[in-house]
Amino acid sequence: MAPLRSAIARVLRRAGTTPAAPPPLVGFVVHGAGGVHPASAHVRVTGRMSALAADGLARTVQVDPVRWADGSDTAHLDAVLVQRDAFPLASLDAALARARDEGTRIVAEVDDDFFTPEARARLARVEYAPDRLASVERLVRSADAVVVATEQLREVLAAQGVDAVVVPNGVQPGLWPSRPAEPPSTGDRRVLYMGSATHAADLELLRPVFDGLVTEDGRRVRLEVIGVTGEDGTWFDRITLPEGATHYPAFVAFLTEQADRWSAGVAPLTGERFNDAKSDLKFLEVTMLGLPFVGSARPSYAGADRNGGLLVGDDPEEWRTALATAFREGPERNRRARAYVAAHRVVSAGAPNAGERAWRRALGIG
């Protein structure tokens, strides 16, 4: 077969034509497999990899980190992007050595503060064992490029001598409904708060807001919580996800089916450095779900109020006033927010926005 390929190449050269080089092979290391990944992997990595491949700029493949580190996966990667702690610490040094030997570009992808002492203590209490935190630290300090979700997180790393490029979160529009929600005109007003287990303290900001809250026309207002905390409360209602809905596309499909039950989506954040480095993903998700957004006036959501969102301090009365505004102006505020997301925060093939172009440059492409 090799002589035949050589003969074809000679003919093409004589004809003044040379075979096009295949696009680079870009690997990615994330938690999960078979298309089933944590939400952060879908939002930050796999959607972008799909768009990159659809544009013909790269071949993309999920990489088993242990097999690539020990050489049993022999594929030569032009670049490999590793999200958070997805590369086991025990295999990381071998992978870095192989990357140096083969000229593979290592890109670290981080969307939370894993670095300040208070952030590491918070993560350790919730879900991160010491090896997971050490893996992130080692990766970020050894990578050829580091991609972060926010300017605040870039500053956290800069203080530790690590340069990073900011690539804001984006959404895949095909996953989400295409219209504002249409909540019931009678009965309870329901408000959605969804998040990971790192947000239990943030939930407490809402207790004095929703405890006994009633609208001016006498309708009870209930907070409905998905995730956020393992505790139950009398002042909010928990929504249990159906089996399989922790998979992000299935989670979005579940939210879409339920969207018309809610009159707004909220995102409280306490005043901690860990929260200040978080992204505005909840603004994007609430917007794409078709709801008006009410969030804390923290660095994470800076600018959301210029694009249809409502931002408030910790005063419960501010929250109540903002919720009343959201109920009254919901469809119009959602249309404004959706227009912003469509123009600046979409991940799709064809015409990448500024953030997606920066992401591709970090990989060494484009």
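The face of helix α4 turned away from its buried side carries A90, R100 and D101, which are exposed (over 50% relative accessible area, 1.4 Å probe, protein chains only). This is a predicted model, in which local features need pLDDT of at least 70 and side-chain atom pairs count only at pLDDT 80 or more, while totals for chains, interfaces and linings use all residues. Residues are numbered from 1 along each chain as its sequence is written, and side-chain values use heavy atoms, with hydrogens and water left out.

Stay with α4. Helices here are DSSP runs of H or I with at least four residues, strands are runs of E with at least two, and both are numbered from the N terminus. In α4, the residues S91, L92, A95, L96, R98 and A99 are buried (under 20% relative accessible area). Seen down the helix axis, the buried residues of α4 fall within an arc of 165°, so they line one face. That arc is taken from the directions from the helix axis to the C-beta atoms. An α-helix has 3.6 residues a turn, so residues three or four places apart point the same way. Just after α4, G103 takes a positive phi of about 75°.

Two bridges join β5 (145–148) to β6, and the two run parallel. V148 stands opposite V166 in β6.

Now turn to another open sheet. Six strands form it in the order β9-β8-β7-β10-β11-β12, again with parallel pairing. β9 (236–238) and β12 (310–312) stand at the edges with a single partner strand each, so one side of each has no neighbour in the sheet. The twist averages 30° from one strand to the next. Inside this sheet, β7 (189–195) and β10 (264–267) pair in the parallel sense over two bridges. The bridge partner of V191 is A264 in β10. Helix α12 (281–289) lies across β7, β10 and β11 (293–296), running at about 140° to β7.

S263 sits in the loop between α10 (248–258) and β10. S263 is buried, with a relative accessible area of 7%. Its side chain makes a polar contact of 3.1 Å with that of R189. A polar contact is a pair of N or O atoms within 3.5 Å; within protein, one must be able to donate a hydrogen and the other to accept it, and residues adjacent in sequence count only if both atoms are side-chain atoms. Leaving out residues up to four places away in sequence, S263 touches P183, R189, R190, P292, A326 and F327.

How values were computed:
Pairing = 2+ DSSP bridges. Axes fitted to C-alpha atoms, helices over the stretch in contact; angles between N-to-C directions. Contact = heavy atoms within 4.5 Å.
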